[in-house]
Amino acid sequence: MAAPLQLTFVMSARSLTDLPPTSAEIAFVGRSNVGKSSLVNSLANRRQLARVSNTPGRTQSLNLFSLREGGTIVDLPGYGYAAVPTREKATWAPMIERYLLQREGLRALLVLVDGEIGPTPLDLQMLDWVRANAITTLVVATKADKVKPSRLAGRKQQVAAASRLHEGDITWVSAAKGTGIDALRDRVRTLLG
Ligand code: GDP
């Protein structure tokens with residue numbers, strides 16, 4: 001069993017200039033409600049580290065966590081919030097793009113897609129953009145427990161095909177049941193090591 005990641009919340013940044021430089025970092029991104037906060041909590045085996053079901057206003061910031069064994073995790077603001085004002089929506093993409101292109105310590109981006117729903121148009125835009133810009137990316141399918149076991153193999157094929165990836169390129173997890181969490185902890189450690 002992979003030990004939980006010992007994560008400490010460091011800060012919430014409203015803009016990139018507020019972020020301290022780091023030497024090794026991975027970032028998490030996904031549409032609102034994809035299960036990002038639940039996944040961060042699950043990796044750390046903590047309940048309330050990243051808040052679950054945040055109000056949109058609060059999630060428009062970049063949340064930085066440090067790992068005790070070294071490295072940083074940045075929880076990027078989610079996309080696709082209906083309730084976020086247009087002005088904030090317009091600043092989301094340039095901020096994220098600049099972060100992904102310019103952040104020096106960035107080792108990889110984890111793009112979360114909902115395993116039950118599959119990639120949404122916004123997820124596909126994100127995946128196209130990271131591909132076009134050669135950002136090292138790991139796709140993580142969340143909420144695996146919501147897919148019936150008898151359907152899971154087929155669902156994995158569908159999500160991979162829709163994302164234009166091979167099945168083995170997608171890591172399936174369930175924060176609710178703990179499935180795949182150990183493997184993802186190992187991946188995170190390797191990416192940051
Ligand atoms: P975020 O907006 O991406 O941070 O998503 P949250 O972590 O707040 O989760 C959104 C909703 O999905 C919440 O109601 C969670 O309880 C639920 N959720 C998150 N992860 C899982 C999971 O692995 N399985 C199931 N069944 N529900 C989940």
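User: Phe9 first. What does Phe9 count as at 43% relative accessibility, buried or partly exposed?
Analyst: Partly exposed: this is a predicted model, and in it Phe9 has a relative accessibility of 43%, which lies between the 20% and 50% limits.

User: And Phe65, what does that count as?
Analyst: Phe65 counts as buried, because its relative accessibility is 2% and the limit for buried is under 20%.

User: How many aromatic pairs are there by the ring rule?
Analyst: The count comes to 2. One of them is Phe9 with Phe65, an edge-to-face pair with 5.7 Å centre to centre and 65 degrees between the planes.

User: Which strands hold Phe9 and Phe65?
Analyst: Phe9 is in strand S1 (residues 7–13) and Phe65 is in strand S3, so the pair ties together parts 56 residues apart in sequence.

User: What about the pair of Tyr79 and Trp92, what is its geometry?
Analyst: Tyr79 and Trp92 are edge-to-face, with 5.3 Å centre to centre and 70 degrees between the planes. Tyr79 sits in the loop between strand S4 (72–75) and H3, while Trp92 is in helix H3, 13 residues apart.

User: Tyr79 and Trp92, buried or exposed?
Analyst: Both Tyr79 and Trp92 are buried.

User: What is the lining like by class?
Analyst: The lining of the second largest pocket has 10 nonpolar, 4 polar and 2 charged residues.

User: Switching to the core. How many residues has the largest nonpolar core?
Analyst: It has 32. Val29, Leu62, Leu76, Tyr99, Leu100, Leu109 and Met126 have the most contacts inside it.

User: Lys36 is in H1. How many residues of H1 are buried?
Analyst: Helix H1 (residues 36–44) is mostly covered, with 8 of its 9 residues buried. Lys36 is one of the buried ones, as are Leu39 and Asn41.

User: What comes just after H1?
Analyst: Asn45, which takes a positive phi of about 55 degrees.

User: What separates the C-alpha atoms of Asn45 and Thr179?
Analyst: 13 Å, for residues 134 apart along the chain.

User: Where does Thr179 lie, and what does it touch?
Analyst: Thr179 lies in the loop between S7 and helix H6 (181–192). Not counting residues up to four places away in sequence, Thr179 touches Trp172, Val173 and Ser174.

User: Is Thr179 buried or partly exposed?
Analyst: Thr179 is partly exposed, with a relative accessible area of 45%.

Conventions
Residues are numbered from 1 along each chain as its sequence is written. This is a predicted model: local features need pLDDT of at least 70, side-chain atom pairs count only at pLDDT 80 or more; totals for chains, interfaces and linings use all residues. Side-chain values use heavy atoms; hydrogens and water are left out. Ala, Val, Leu, Ile, Met, Phe, Trp, Tyr, Cys and Pro count as nonpolar, Asp, Glu, Lys and Arg as charged, and the others, Gly among them, as polar. A nonpolar core is a set of buried Ala, Val, Leu, Ile, Met, Phe, Trp, Tyr and Cys residues joined through side-chain atoms within 4.5 Å. Buried means under 20% relative accessible area, exposed over 50%, partly exposed in between (1.4 Å probe, protein chains only). Helices (H or I, at least four residues) and strands (E, at least two) are DSSP runs, numbered from the N terminus. Rings of Phe, Tyr and Trp (its six-membered ring) pair if their centres lie within 6.5 Å; planes under 30 degrees apart count as stacked, over 60 as edge-to-face and the rest as tilted. Contact means heavy atoms within 4.5 Å.
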